[in-house]
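Biologist: I would like to go through this model and ask what stands behind the words used for it. Please show it first.

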Amino acid sequence: MKFETRAIHKGNHVTDNSGSVVQPITLSTTFEHGNEAGLLYTRAGNPNRISLEELIASLEQGADAAAFSSGNAAGTAVFQALEPGSHIIAPDDMYHGLHNSMTKLFKGIHTVSFVDMSDLEAIKAALQPNTRLIWVETPSNPLLKISDIRKIAEIAHEHEAILACDNTFATPVFQNPLLLGADIVMHSSTKYFGGHSDILGGALVTKEKNDFWTKIRTIQRVGGAVPSASDCYWLARSIRSLAYRMKGHAEHAMVLADYFLVNPNVEKVFYPGLKSHPGHEIAASQMSGFGGVVSFQVKGGAEAADKLISELKLFANATSLGGIESLIERRAAVEGPDTLTPPNLIRVSVGLEHTDDLLEDLDQAFSKIN
């Protein structure tokens, strides 16, 4: 089946005899012993979570998927599954939530080298005898750097390390890291999978069911950072429209990227769909679309950036991304004092409003910062 068909049908298993077209929510936290589904307790398994995991695994073309209560919980499960004393190579502009997980929760347990993941030589130079995980985020957050998944997979596997890829920005609509050589894919399903800024969740997908995946499954089920049955239901519901939403997000993001590119108040634009983007060719070779996030730097520094945001009417000044509404924020203000993000950089999660309205709103806001 094609992607759109799988998104609609793979995670919809009707479990009652009422003739429902849509799988119901199973709210029970416990199940009678000896039931046909082999279920015991909802932390270990629930019909809605099983359906969601089957759906996400199918979309990423993986062997199995594990759903978590947040994207951070999913990423943290990977770090937790590593043997103590492991070395990790991660992006220098990594999503700050997972950066904090690596540097705070696992301080003294693992060591981490943060490098520019668009620089293959920098990755090679960072390798250590105990490197067990290379983590890529492509496009990255918020600088939208592009990592060459195929070539980094070769580097990782030559070193007998695992390659994990955060595919949140691209989604499986536009990129399938497992088909490019990655071993594990991560998603913050809060973002485009949920698509409406009202569900918290995360997921991991594996290329194969191996010993490392068994550890991750154990962490999921014993640790208990799992989504509720209701959250799984709503995520599966939202994913059915994912392909069509992503096409709209990407189309609108390209319109705004072109607008920022010629705007005299903008210093620099970050969007892999632009031919001027340093990672454009690699992105075009491994992605079928360039996503719905655009970042740009405003002339006049952080003060001008804050002023611009305050004057906007249709863009909500809020963290997160992937919803149908447009969100905007000055990213360094959110990431804290140790951020490498330029202080005048604004990240936009481009929504599905009509682009004429978005451009008109931007025009009136820019006119007030001069």
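Biologist: Why does Glu251 count as exposed?

Modeller: This is a predicted model, and the words rest on computed values. Glu251 has 54% relative accessibility, and exposed means over 50%, so Glu251 counts as exposed. Its place is in helix H10.

Biologist: What makes Asn141 buried rather than exposed?

Modeller: Buried means under 20% relative accessible area. The value for Asn141 is 5%, so Asn141 is buried. Its place is in the loop between strand S4 (131-137) and H6. Leaving aside neighbours within four places in sequence, Asn141 is in contact with Asp93, Met94, Tyr95, Phe169, Arg331 and Arg347.

Biologist: What makes the pair Asn141 and Arg347 a polar contact?

Modeller: The side chains of Asn141 and Arg347 are joined at 2.8 Å, and the cut-off for a polar contact is 3.5 Å. The value is within the cut-off, so the pair is called a polar contact.

Biologist: Is Leu144 buried or exposed, and how do you know?

Modeller: Leu144 has 1% relative accessibility. The limit for buried is under 20%, so Leu144 counts as buried.

Biologist: Which word applies to Glu160, buried or exposed, and why?

Modeller: Phi of Glu160 is also positive, near 60 degrees, and Glu160 lies in the loop between H6 and strand S5 (162-166). Its relative accessible area is 71%. Exposed means over 50%, so Glu160 is exposed.

Biologist: Why is the pair Glu53 and Arg49 called a salt bridge?

Modeller: The closest N and O atoms of Glu53 and Arg49 are 3.7 Å apart. The cut-off is within 4 Å, so the pair is called a salt bridge. Being four residues apart in helix H2, Glu53 and Arg49 are separated by about one helical turn. Glu53 counts as buried at 8% relative accessibility, and Arg49 counts as buried at 3%.

Biologist: What makes Arg217 and Glu53 a link between distant parts of the chain?

Modeller: Arg217 is in helix H8 (residues 211-223) and Glu53 is in helix H2, 164 residues apart. The closest N and O atoms of this salt bridge are 3.2 Å apart. Arg217 is buried, and so is Glu53.

Biologist: Which words apply to Asp116 and Lys145, and why?

Modeller: Asp116 is at 25% relative accessibility, so Asp116 counts as partly exposed. Lys145, at 22%, counts as partly exposed too. Asp116 forms a salt bridge with Lys145, the closest N and O atoms being 3.6 Å apart. Asp116 lies in the loop between strand S3 (111-115) and helix H5 (120-126) and Lys145 in the loop between S4 and H6, so the pair ties together parts that are 29 residues apart in sequence. Elsewhere, salt bridges that share partners join Arg49, Glu53, Asp64 and Arg217 into one network.

Biologist: How many salt bridges does a search of the whole structure find, and what is the count between domain 1 and domain 2?

Modeller: The search finds 14 in the whole structure. Between domain 1 and domain 2 the count is one salt bridge. Lys247 forms a salt bridge with Glu4, the closest N and O atoms being 3.2 Å apart. That is within 4 Å, so the pair meets the rule.

Biologist: Where do the two domains run, and what do they bury between them?

Modeller: The domain assignment gives domain 1 (3-237) and domain 2 (243-367). Their C-alpha centres lie 26 Å apart. Domain 1 and domain 2 bury about 2,900 Å² between them, 61% of it on carbon and sulfur atoms. In contact are 32 residues of domain 1 and 41 residues of domain 2.

Notes. Residues numbered from 1 in each chain as written. Predicted model: local features only at pLDDT ≥ 70, side-chain atom pairs only at ≥ 80, totals over all residues. Heavy atoms only, no water. Domains from an automatic or database assignment. Contact = heavy atoms within 4.5 Å. Buried area = accessible area lost by both parts, 1.4 Å probe. Salt bridge = Lys/Arg side-chain N within 4 Å of Asp/Glu carboxyl O. Helix = DSSP H or I, 4+ residues; strand = E, 2+ residues; numbered from the N terminus. Buried < 20%, exposed > 50% of the residue type's maximum accessible area, 1.4 Å probe, protein only. Polar contact = N/O pair within 3.5 Å; in protein donor to acceptor, adjacent residues only side chain to side chain.
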